[in-house]
Amino acid sequence: MKKLTDKIEAFLEWGGTRREVVLLVISGAALLASIFELAPLPFDPAWVAIVLCGVPIILEAFVGLVTAFDIKADVLVSLALIASVAIGEDFAAGEVAFIMQLGALLEDLTVARARAGIERLVHLTPQTARVLRDGKEVVVPAQEVAVGELLRVLPGETIPVDGVLVSGQTSVNQAVMTGESLPVDKTVGDEVSSGTVNQFGAFEMRATKVGEDSSIQRMIRLVQSADAGKAKIVGLADRWATWIVVIALTAAVLTWLVTGLVIRAVTILVVFCPCALVLATPTAIMAAIGNATKHGFLVREGDALERLSAVSHVAFDKTGTLTYGRPQVAAVESFLPAYPEEALYTLCAAAEQLSEHPLGRAVVRSHGQASGAPLPPAEDFQMIPGQGVSAAIEGKRVLAGNEKLLLAEGVALSGELRRAAANHLDRGCTVVYVAVDGAAAGLVVLSDTLREESAAMVEKLEGLGVTPVLLTGDHESAASAMAHRLGIGEVHAGCLPEDKLKWIADRQARGQAVCMIGDGVNDAPALKRADVGIAMGGVGSDIAVDAADIALVDDEVKELPHLLALSRRMMTTIKGNLIFSMGLNFLAIILAIIGTLNPVVGALVHNAGSVLVIINSAFLLTWRGKE
């Protein structure tokens, strides 16, 4: 029996959606030919629909019953098909089969999903490593690196394994693992993770975690486990199928026994076919997806909106989601009267114009956006790894970097300057100290830029009864400062991917549905694990988009409240569709019992109900909630 069911399942899976579309087109044409008697055939053309659309339904019902005693909506449909054919009502059988397969196709189209995220993570994994063996540099496959081996990493390369710096200084882009918007300076003794990118400066490192133990491989396992742990929604028609089958069979048998008329029993089976019930959910979902698309959302999971309607908490990554994800100069403070803020800003940008450091490039870019004026040339330029830069600008020696640079050059920092710097650091900013001709001149302050619409969006979410939460890899000061500006009460800073995953799992264990919104590779496991994952499609990584159920294509976060309200409206529409379709079915049963309906008219009645369900769902296409 198992071999038989395996062969049937293979047949049903052959061809996929394209096969279903072709069969529906042919079956629809055959039904038209049957009702208008257009085809001079020796048999009723409705048999084409019975064979092409009805046989797969019967086979699927058979497999479900035999392998798992799984009673779904297709069991009742199969009974109605067989009974209709048995009493010669071929058109009714073909019509029911066609409508059911149309509903199944709509459902397949709405729940189709792409599974490229894990593959993209695998491609992100470094393939080779520069290992120092016997004093020589050897390029080997990354998986062959052993714990304790010495490696060299050049500028721009992805770090192949986890390890500790033993020589050199650099800046590492850790966005893959932590989501931090700014690169992190590293020096001897600091740890680095596989998958992160060396921004500039060659360094040597000692491998501490390799192969399956490395950070990037752990990320892949997190994504895989999170996907497996997400519950899948079962169609409402299938959820209620057992009761529908019992009620329909009971009513049909009792009617046959009382009246002695088999045609009335068959009519009951036909009108109780859950066509409208099957269409109630997918049509509303497809209409809601069409609405969401107009507002910049690409819904990749068919049941994502159904899950979103039950969400009680929305967890945000900070960088690239609530902010733009790129450092900008937020303030310039001068502490020497001879150099007002504008002049100090120009000197700092001029000194940084030859810098390879991401912060230096951010200062130059911001200055260009602010003034547009050309910078004076930098002479005698020196880059001091891990500290900053030194350059001669119009005859003045300018230092721009961190506090270590100024102290190493013997520049004294006043208490006023230190207090100003501490104030900015407490708010999560990054400070570039500037000295001119040996005197501390001031500060250039950089921070990630908050999206203009983020605060209003958070307020609207709270108005919908949803609790916003901030989950970020940034430091406590940066996270708290941003949360305060946005009005977010719950903040979790310094989160690694597994920390975000654990927070979501804890909430779900309490019975709370969570929506995760993020943009980076480090958000992929959380996006997979959450009841609904929404990725920033514009600035987000391809891996985050692949891991999410929904992608916000244009990064307009102001539309998030509309999406949540739309999901709830969709569920209201679905419930209305279900109540209507079930009420119509029970009314049709009563009419079938007393003989008012025959199988063909009964099929037309419940198919008319299906049309009304589709029309009701279509109103979601243009729905817009009150502001």
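**Cavity, sheet and salt bridges**

Modeller: This is a predicted model. The lining of the largest cavity is made up of nine nonpolar residues, with no polar and no charged ones.

Biologist: Which residues line the largest cavity?

Modeller: The lining consists of Leu308, Val314, Leu461, Cys515, Ile517, Ile534, Leu560, Leu563 and Leu564.

Biologist: And what gives the most to that lining?

Modeller: Helix α24 does, with three residues. Both β20 (514-518) and α24 (560-593) supply at least two residues each.

Biologist: How much space lies in the largest cavity?

Modeller: About 60 Å³. Searching the whole structure gives two cavities of 30 Å³ or more.

Biologist: You mentioned β20. What is the strand order in its sheet?

Modeller: The order is β10-β22-β21-β20-β11-β18-β19, seven strands in an open sheet with mixed pairing. At the edges are β10 (297-299) and β19 (490-492), each of which pairs on one side only. From one strand to the next, the twist averages 20°.

Biologist: Do β10 and β22 run parallel or antiparallel?

Modeller: Antiparallel, with three bridges joining β10 to β22 (residues 550-552). Within that pairing, Phe297 stands opposite Leu552 of β22.

Biologist: Switching topic. How many salt bridges does a search of the whole structure find?

Modeller: The search finds 14. One of them joins Arg507 and Glu490, with the closest N and O atoms 2.9 Å apart. Arg507 is in helix α21 (residues 497-509) and Glu490 is in strand β19, so this pair ties together parts 17 residues apart in sequence.

Biologist: Is Arg507 buried or exposed?

Modeller: Arg507 counts as buried, at 12% relative accessibility.

Biologist: What about Asp506 and Lys502?

Modeller: Their side chains also meet in a salt bridge, at 3.1 Å from N to O. Both residues lie in helix α21, four residues apart, which is about one turn of the helix. Lys502 counts as exposed at 52% relative accessibility, while Asp506 counts as partly exposed at 34%.

Biologist: Which residues are linked in a network of salt bridges?

Modeller: Arg130, Glu137, Arg152, Glu157 and Glu204 are. Within this network, the side chains of Arg152 and Glu137 meet at 2.9 Å, N to O. Arg152 belongs to strand β3 (residues 150-153) and Glu137 to strand β2 (residues 136-141), so the pair ties together parts 15 residues apart in sequence.

Biologist: How accessible are Arg152 and Glu137?

Modeller: Arg152 is partly exposed, with a relative accessible area of 26%. Glu137 is partly exposed too, with a relative accessible area of 35%.

Methods
Residues numbered from 1 in each chain as written. Predicted model: local features only at pLDDT ≥ 70, side-chain atom pairs only at ≥ 80, totals over all residues. Heavy atoms only, no water. 1 Å grid on protein atoms, 1.4 Å probe; cavity = no way out; pocket = protein on both sides within 12 Å on 5 of 7 lines; lining within 4 Å. Points joined across faces, edges and corners; volume = space filled by probe spheres on them. Nonpolar A, V, L, I, M, F, W, Y, C, P; charged D, E, K, R; others polar. Pairing = 2+ DSSP bridges. Axes fitted to C-alpha atoms, helices over the stretch in contact; angles between N-to-C directions. Salt bridge = Lys/Arg side-chain N within 4 Å of Asp/Glu carboxyl O. Buried < 20%, exposed > 50% of the residue type's maximum accessible area, 1.4 Å probe, protein only.
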